[in-house]
Amino acid sequence: MTILRTWKLLWLLAAGLLLQPNAHAAGNCTVTSIAFTGVTYNNTALTATGTVNYTCSRSSNGTDGSPFTLQVTASDGLYYGSNTRNGGNGANRLAYNLSTTAAWGNGMPGLGNAHAVSVPFPTTLPISITVATTCSITSAPGTLNMAYTSFQSIAGTGNVPFSAQCSNGGPFRMSLSPTNGTLLGVAYTLRLGTSAGSATNISSTTTYNLTGTGSAVTYYVNATAASGQVGTCASGTCQALSPPHTLLIEY
């Protein structure tokens with residue numbers, strides 16, 4: 001997964017809006033301007049707000065006092081894909097949500113339908129853009145090698161690095177499954193750590209105990225096998241591969 005870097009979101013509303021009066025009285029509505037201050041996305045979840053300014057005029061029943069019910073839609077944008085609106089920076093894409101008091105649809109899959117707003121004659125409509133947090137494994141762990149001699153007097157150890165990149169300030173957690181196993185009769189345990197051989201286990205399946213920095217961070221899968229194990233190797237040297245272990249990142 002590509003992690004997108006910094007750029008302005010000011011242009012995201014260039015997708016175009018349609019305001020269509022409905023129900024009680026005939027009339028016309030026109031978008032006069034979109035007021036939205038440019039914000040910078042830097043791998044941090046954000047929500048930015050602005051307004052759509054518009055005017056309406058009646059072509060009949062001009063004095064009956066009945067409100068318009070406006071059907072508001074926003075187009076799917078220049079980079080619609082995977083059932084979501086996306087910002088673009090070269091070949092990179094950044095998914096975002098566009099909403100008023102509800103998701104702003106356009107009838108496209110994943111965007112929903114028109115959003116109805118029933119008001120007498122407002123001139124502004126609040127809007128917001130939301131970009132969610134994200135995480136990815138930027139470098140997966142390889143094969144973890146651990147040498148062990150039968151009845152050795154010290155614990156066996158091994159480690160393998162990997163890297164993960166999560167949105168700046170975004171909470172996440174990591175875990176392994178399974179966390180232990182037996183290979184050639186030698187029982188071993190796996191932990192996640194911030195350094196090679198660390199005894200501190202940062203794994204969690206219940207608490208989002210880690211916080212993203214926006215940059216790729218190196219972590220380690222650390223393995224230990226208790227001393228004094230005999231094993232089942234019947235020759236001078238044996239090699240074997242364990243069943244696979246799964247690394248899970250949740251955010």
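Arg 191 stands opposite Asn 222 in strand S17. That pair sits where S15 meets S17 (residues 216-225): the two strands run antiparallel and are joined by 5 bridges. Strands here are DSSP runs of E with at least two residues, numbered from the N terminus, and two of them pair if DSSP finds at least two bridges between them.

A word on the model: it is predicted, so local features need pLDDT of at least 70 and side-chain atom pairs count only at pLDDT 80 or more, while totals for chains, interfaces and linings use all residues. Residues are numbered from 1 along each chain as its sequence is written, and side-chain values use heavy atoms, with hydrogens and water left out.

S15 has another partner to look at. Strand S14 (residues 180-183) runs antiparallel to S15 (residues 186-193), with 4 bridges joining them. Here Asn 180 stands opposite Thr 189 in S15. S14 and S15 make a hairpin with 2 residues between them, and Leu 184 in the turn has a positive phi of about 55°.

Elsewhere, there's an open sheet of 3 strands in the order S16-S13-S18, with antiparallel pairing. S16 (210-211) and S18 are at the edges with a single partner strand each, so one side of each has no neighbour in the sheet. S13 (residues 171-177) and S18 are joined by 5 bridges, and Met 174 stands opposite Ile 249 in S18.

On a 1 Å grid over the protein atoms alone, a cavity is a set of points where a 1.4 Å probe fits but cannot get out; a pocket is an open set with protein on both sides within 12 Å along at least five of seven lines, and lining residues have an atom within 4 Å of a point. Points are joined across faces, edges and corners, and a volume is the space filled by probe spheres set on them.

| Space | Volume | Lining by class |
|---|---|---|
| Largest pocket | About 1,000 Å³ | 22 nonpolar, 14 polar, no charged |
| Largest cavity | About 40 Å³ | 5 nonpolar, 4 polar, no charged |

For these classes, Ala, Val, Leu, Ile, Met, Phe, Trp, Tyr, Cys and Pro count as nonpolar, Asp, Glu, Lys and Arg as charged, and the others, Gly among them, as polar.

The largest pocket is lined by 36 residues, with Leu 144, Asn 145, Met 146, Leu 183 and Ala 240 nearest its centre. S15 gives the largest share of that lining, 3 residues. The lining of the largest cavity includes Phe 172, Val 217 and Tyr 219.
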